[in-house]
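Subject: Structure handover

Hi,

Here is the structure you asked about. Please load it and read the notes below alongside it.

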Amino acid sequence: SPKFETIDLEHFKVSVVGCAYNRHQSNFRLLEKPELKISQQNSILLFHGSYEYPNQEYQDQPFSLEELKGLPFNYIALGHYHRHLGIFSEEKKACFYPGVPEGLNLDERNAGKRHVILGEISDQGEVSITIEEVQRKIIEILNIDCTHFQGKDTLEMKIREHAGDNNILKLNLTGKPTMDILETID
């Protein structure tokens, strides 16, 4: 539903609140004045949207730090960004984008380590967070200016420094390579 809905997990004493993301109606500030129903002593919000950095404007269900901190949730689980991003973590309140557990494309936003977030909310509402690395493969974007290499052997050594069983490399070769390197690239 595009409106906030609540599921009460009475056994765990937690209310889980969320709404569906609609790409075609994503410019609304849903966290500005949300209508929320929370009946359990602890609560979690699941939300897909864009955190506004200072002096920047976002269109995908945007929200600010002030809007987040004004919400009555112990934990706010965010989705939209592919990279892990901690917004804030306090004794009784935390908010994170976990990112995706594996890179999805060979681009900058999918490069690097991937995480999941394990959280616990005590009966007193205290939030503890553990961030676990989970990826099986790490995407790395490697930009190499071939002008600085005398031949294919030194270029290959540079590339091999970044190679590994768990690495996926995207190579961007630039500059003016020697004939030896040009023949190897072909």
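Contact here means heavy atoms within 4.5 Å. By that rule, and leaving out residues up to four places away in sequence, S64 touches R29, Y51 and E52. S64 is found in the loop between β3 and α1. Buried or exposed? S64 counts as buried, because its relative accessibility is 13% and the cut-off for buried is under 20%. One caution before the rest: this is a predicted model.

**Aromatic rings**

How many aromatic pairs does the structure hold? There are four. Two of them are described here.

F47 and F63 form an edge-to-face pair. Their centres are 5.9 Å apart, with 75° between the planes. This pair links distant parts of the chain. F47 is in strand β3 (residues 42-48), and F63 is in the loop between β3 and α1 (65-69). They are 16 residues apart. Both F47 and F63 are buried.

F63 also pairs with Y51. That pair is tilted: 6.0 Å centre to centre, 40° between the planes. It counts as tilted because only angles under 30 degrees are stacked and only those over 60 are edge-to-face. Y51 and F63 both lie in the loop between β3 and α1, 12 residues apart, and the pair is again one that links distant parts of the chain. Y51 is buried, as is F63.

Which residues make up the aromatic cluster? F4, F47, Y51 and F63 form one cluster. Y51 is also one of the residues that S64 touches.

**A charge over a ring**

Have a look at K69 and F88. The charged end of K69 sits over the ring of F88. The distance to the ring centre is 5.2 Å.

**Nonpolar surface patch**

Now the surface. L171, L173, M179, L182 and I185 form a nonpolar patch there. Together they have about 430 Å² of accessible area. Where do the residues come from? β10 (167-174) and α3 (179-185) each supply at least two. The largest share, three residues, comes from α3.

**To view, in order**

- S64 with R29, Y51 and E52.
- The cluster of F4, F47, Y51 and F63.
- K69 over the ring of F88.
- The patch of L171, L173, M179, L182 and I185.

Best wishes

Technical notes. Residues are numbered from 1 along each chain as its sequence is written. This is a predicted model: local features need pLDDT of at least 70, side-chain atom pairs count only at pLDDT 80 or more; totals for chains, interfaces and linings use all residues. Side-chain values use heavy atoms; hydrogens and water are left out. Patches are made of residues with over 30% relative accessible area and no salt bridge: like charges are joined within 9 Å, nonpolar side chains (Val, Leu, Ile, Met, Phe, Trp, Tyr) within 5 Å. Accessible areas come from the Shrake-Rupley method with a 1.4 Å probe; for residues, only the protein chains shown count as cover. A salt bridge is a side-chain nitrogen of Lys or Arg within 4 Å of a carboxyl oxygen of Asp or Glu. Helices (H or I, at least four residues) and strands (E, at least two) are DSSP runs, numbered from the N terminus. Rings of Phe, Tyr and Trp (its six-membered ring) pair if their centres lie within 6.5 Å; planes under 30 degrees apart count as stacked, over 60 as edge-to-face and the rest as tilted. Buried means under 20% relative accessible area, exposed over 50%, partly exposed in between (1.4 Å probe, protein chains only). A charge sits over a ring if NZ of Lys or CZ of Arg is within 6 Å of the ring centre and within 35 degrees of the ring normal.
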